[in-house]
Amino acid sequence: RVRGVVTFSRSAGPTYLSDDTGGLLIQDHAEASLSPGDLVEATGFPQLGPFAAILRDATLVKVGRANEPQPPRLTAEEILEDVKDAQPVQIDAVLREEFAGGQRLILDAGNLLFNAHLEDGHLPPINPGSVVRVTGITSIEALPQTRSAPRGFSMLLRSPSDVVVIGDAPWWNVERTLRLVAFLAAFTLVAIAWIVVLRRRVGQQTKDLRQAKETAEAANRARG
């Protein structure tokens, strides 16, 4: 039996709890209507995960309310080094791509890529390159060879408000660079084509002038 504060919950799981020792993932449980901040007791079948315990086939009983844990603001390195698994955290990152109608983000924090998935709702469009502050629940990924060394992580977002833009994307980005390159390439092709046409016209005009001169000189010689 464990007791903790709900940080995220679906009616039949998963539900995440947090206490002074860390986070706990309850994979599946009897239906329960819970909200973040609910204090619950959970009983079930424990399973050892790579970095944190997992509870299955659990029963959750609400026993009160408590202050919802304030997620610490961490770097990607701190999340991995301190193995912050199944815990709410906050991290600043650069948005690289947005997928699935605003439900999945690819983010870059200190040259480490990770994804953040929104369970419910949709995020508004965010320009790639924007700096965002993301609050969510971590899931540490293990190296397949060892199953004990963290290699990366992903984050579960609970609502669209878990993503806040704190820095606009730079105006000069990859998309605009590619557009400029395409424009310059097209302009160069048009310029080359115009030069070729112009040279042909000049050549033809020079030829015509030479022929006219030769004709005039021939006519003068005939009259003389």
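This report describes the strands, nonpolar cores and charged pairs of a predicted model.

## Basis of the description

The model is predicted, and local features are reported only where pLDDT is at least 70, side-chain atom pairs only at pLDDT 80 or more, while totals for chains, interfaces and linings use all residues. Residues are numbered from 1 along each chain as its sequence is written, and side-chain values use heavy atoms, with hydrogens and water left out.

## The five-stranded barrel

Five strands form a closed barrel with mixed pairing, in the order E1-E2-E3-E5-E4. From one strand to the next, the twist averages 50 degrees, an angle taken between N-to-C directions on a scale from 0 to 180 degrees, with axes fitted as lines to C-alpha atoms. Strands here are DSSP runs of type E with at least two residues, and helices are runs of type H or I with at least four, numbered from the N terminus; two strands count as paired if DSSP finds at least two bridges between them.

Strand E1 (residues 2–9) and strand E2 (residues 15–19) run antiparallel and are joined by four bridges, and within this pairing Val-5 has Ser-18 of E2 as its bridge partner. E2 is in turn joined to E3 by five bridges, again in an antiparallel arrangement, with a hairpin of two residues leading from E2 to E3 and with Tyr-16 standing opposite Leu-25 in E3. Between E3 and strand E5 (residues 53–65) the direction is parallel, and two bridges join them; here Ile-26 stands opposite Leu-55 in E5.

Strand E3 (residues 22–26) is largely enclosed by the rest of the structure, because four of its five residues are buried. Buried means a relative accessible area under 20%, exposed means over 50%, and partly exposed lies in between, as computed with a 1.4 Å probe on protein chains only.

## Two nonpolar cores

A nonpolar core is a set of buried Ala, Val, Leu, Ile, Met, Phe, Trp, Tyr and Cys residues joined through side-chain atoms within 4.5 Å. In soluble globular proteins, nonpolar side chains tend to be buried together. The largest nonpolar core has 24 residues, of which Ile-91, Leu-107, Phe-114, Phe-153 and Met-155 touch the most other members. Two or more residues come from each of helix H1 (76–81), strand E6 (88–99), strand E7 (104–109), strand E8 (112–118), strand E9 (131–142) and strand E10 (150–157). Apart from this core lies another, of 11 residues, among them Val-6, Leu-24, Ile-26 and Leu-55.

For Leu-107, when neighbours within four places in sequence are left aside, the residues in contact include Ala-93, Val-94, Leu-95, Phe-114 and Val-134, where contact means heavy atoms within 4.5 Å.

## Salt bridges

The whole structure holds 11 salt bridges, each being a side-chain nitrogen of Lys or Arg within 4 Å of a carboxyl oxygen of Asp or Glu. In one of them, Arg-10 pairs with Asp-120, with the closest N and O atoms 3.1 Å apart. This pair links distant parts of the chain, since Arg-10 is in the loop between E1 and E2 and Asp-120 in the loop between E8 and E9, 110 residues apart. Arg-10 is partly exposed at 30% relative accessibility, and Asp-120 is partly exposed at 41%.

Arg-56 forms a salt bridge with Asp-28, the closest N and O atoms lying 3.7 Å apart; Arg-56 belongs to strand E5, while Asp-28 is in the loop between E3 and strand E4 (38–48), 28 residues apart. The relative accessible area of Arg-56 is 30% and that of Asp-28 is 24%. Arg-96 is partly exposed, with a relative accessible area of 40%, whereas Asp-108 is buried, with 12%.

Asp-85 lies in the loop between H1 and E6 and is buried, with a relative accessible area of 13%. A polar atom of the Asp-85 side chain lies 2.8 Å from the backbone nitrogen of Ile-140. Leaving aside neighbours within four places in sequence, Asp-85 is in contact with Gly-23, Phe-51, Ala-52, Thr-138, Ser-139 and Ile-140.

Methods:
Polar contact = N/O pair within 3.5 Å; in protein donor to acceptor, adjacent residues only side chain to side chain.
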